[in-house]
Amino acid sequence: MIVGASLAGAKAAEALRGHGFDGRIVLLGDEQERPYERPPLSKGFLQGKQEREKIFVHPPEWYADQRVDLRLGSTVGAIDRDRRVVTVSGGDRAGGEEIGYDKLLLTTGASPRRLPVPGADLDDVLYLRGVGDSERIRQVFQTASRVVFVGGGWIGLEVAAAAREAGVDATVLEADELPLLRVLGPRIASVFADLHREHGVDLRLGAQVTEIVNDGGRATGVRLADGTRIDGDAVVVGIGVTPNTRLAAEAGLEVDNGIVVDASLRTSDPDIYAAGDVANAFHPLLGRHIRVEHWANALNQPQAAARSMLGEPVAYDRVPYFFTDQYDLGMEYAGYTEPGRNDDVVVRGDLARREFIAFWLADGRVLAGMNVNIWDVVEQIQGLIHSGVQVDRDRLADPDVPLDQLTAG
C-alpha cells in the first residue's frame, strides 16, 4: 500500500510493477487529481506554456492497466501498526473503511508553511502547492496590476518571474539580506537578486511582514514592521514547507524534520517505508540524515523504496539535484550543503554574464556544484562530489581543465 498519490507515490507503484511485484497495490491520495509533477506549477504550466495534461505522471488508463487501485479524494485517518491496517475516509468507498497492508510506503509530501500574521488566511492570500493553486495564481496574473510576494526562496522567485513574464508588477519581500542567502551564500545569491531587479522586480530585503491588510475581507497588500504599507491586488506566500508527518507521528514512528528512515528508506517499523519530501533519510555518501524537497528526489527515491519493500538490499545514495528557470537564466544544482554554511565558494566562468559553475567546498572537497547557463556538466559535477577528492582550487576555477580530470595536485 502507498499513502500519498504524489509523484513519489506513482513512481513507487511503477517501480513495484517494474521489479516484478504481482500482488495488490493500493495508492491513496487526498486530492481529486491523479498524480502529477510539481515543477511545472511554478514554471511552464503557470506561464501557460505547458498543457495541463502534460503535468501528469501517467495517463488515466495506466493505473487500471497496471492493476494499481488508485483512490483519489481518500483521506487516511490513522495507521494501526499492530493490525497492519489503515483507516480511510472519502473517495469512492464508504467512510471509515479499513484496508490491510503487508508493506506500507508513506509518500505524504509536505504542505506550505503558513504566514503567522493577521490576515494570512484571507482568500486573496495564495500559497502554491497543488495544481489548483497554480491555476488560481495564473488567473490572478491575467487581471492583477501588482502582486506582492512574501518570501524570496526558489518558489517565490520562480512565481515572481512568471508574474513579470505576464506583465504584472511584482514586489518580493525577503526577510534576509538577500534572496536565497542561506542556500547559496552572499556571492551567488547576489546573482539572483540582480537578475530580478534587472527584470523590474521591486525587491525589498530585510522586510518583516506583520500584517496582511484588507478592504472588506479582500487582501490589498501587506504592512511591514517599520509601518510601510505595500499595496497589491493579491499576495503570494512562499516561506517554505512543513513535512506531512502527522500519520507517522500518531502511529509512533520516529519523526524528526520528516519521517526518519535508513538508507533503504525503512522507518522504525520494518514494514513501513517513506520516500519523497516527507522522508528524512540517511544518506551513505554524506554520512547523515537529510530531507530533500526537490523533484529529482521524489522521482528517484521511490525506486529504491520499492526494491527495499520487495526485500532487495538497497541504499539510496544519489547526489541531490534540482533545477530552476527564471527569465533567461537556467540553472542546475547537484549536491548538498548545510543551510548557512556556504562561504567557501569557487567560481569558474563569468558571474556578470551569468554563465558559470559555482562549487561549494569543505576541507578542499566539493560538496555541491551549480551550473548556470552552462549545460551537460551535471554528471561530471556529481562524479566530483562522489569521488570525495581534494581539489586544487585554481584548477577547479579554470574552464580549460575538464571537470573529470581534477585531482588534488
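A nonpolar core is a set of buried Ala, Val, Leu, Ile, Met, Phe, Trp, Tyr and Cys residues joined through side-chain atoms within 4.5 Å. Buried means under 20% relative accessible area, with a 1.4 Å probe and protein chains only. The model is predicted: local features need pLDDT of at least 70, side-chain atom pairs count only at pLDDT 80 or more, and totals for chains, interfaces and linings use all residues. Residues are numbered from 1 along each chain as its sequence is written, and side-chain values use heavy atoms, without hydrogens and water.

The largest nonpolar core has 52 residues. Phe141, Phe149, Leu184, Ile188, Phe192, Trp360 and Met370 have the most contacts inside it.

Phenylalanine 192 has contacts (heavy atoms within 4.5 Å) beyond four places in sequence, including Trp154, Leu157, Thr324 and Met370. Threonine 337 sits in the loop between strand 23 (329-335) and strand 24 (345-350); strands are DSSP runs of E, at least two residues. Threonine 337 is buried, with a relative accessible area of 9%. Beyond neighbours within four places in sequence, threonine 337 contacts Val183, Trp360, Leu367 and Ala368.

Helix 1 (residues 7-18) meets helix 8 (residues 295-309). Their axes, lines fitted to C-alpha atoms over the stretch in contact, come within 8 Å and cross at roughly 35°, on a scale from 0 to 180 degrees between N-to-C directions. The contact residues include Leu7 and Lys11 of helix 1 and Trp295 and Gln303 of helix 8.

Key: Helices (H or I, at least four residues) and strands (E, at least two) are DSSP runs, numbered from the N terminus. Buried means under 20% relative accessible area, exposed over 50%, partly exposed in between (1.4 Å probe, protein chains only).
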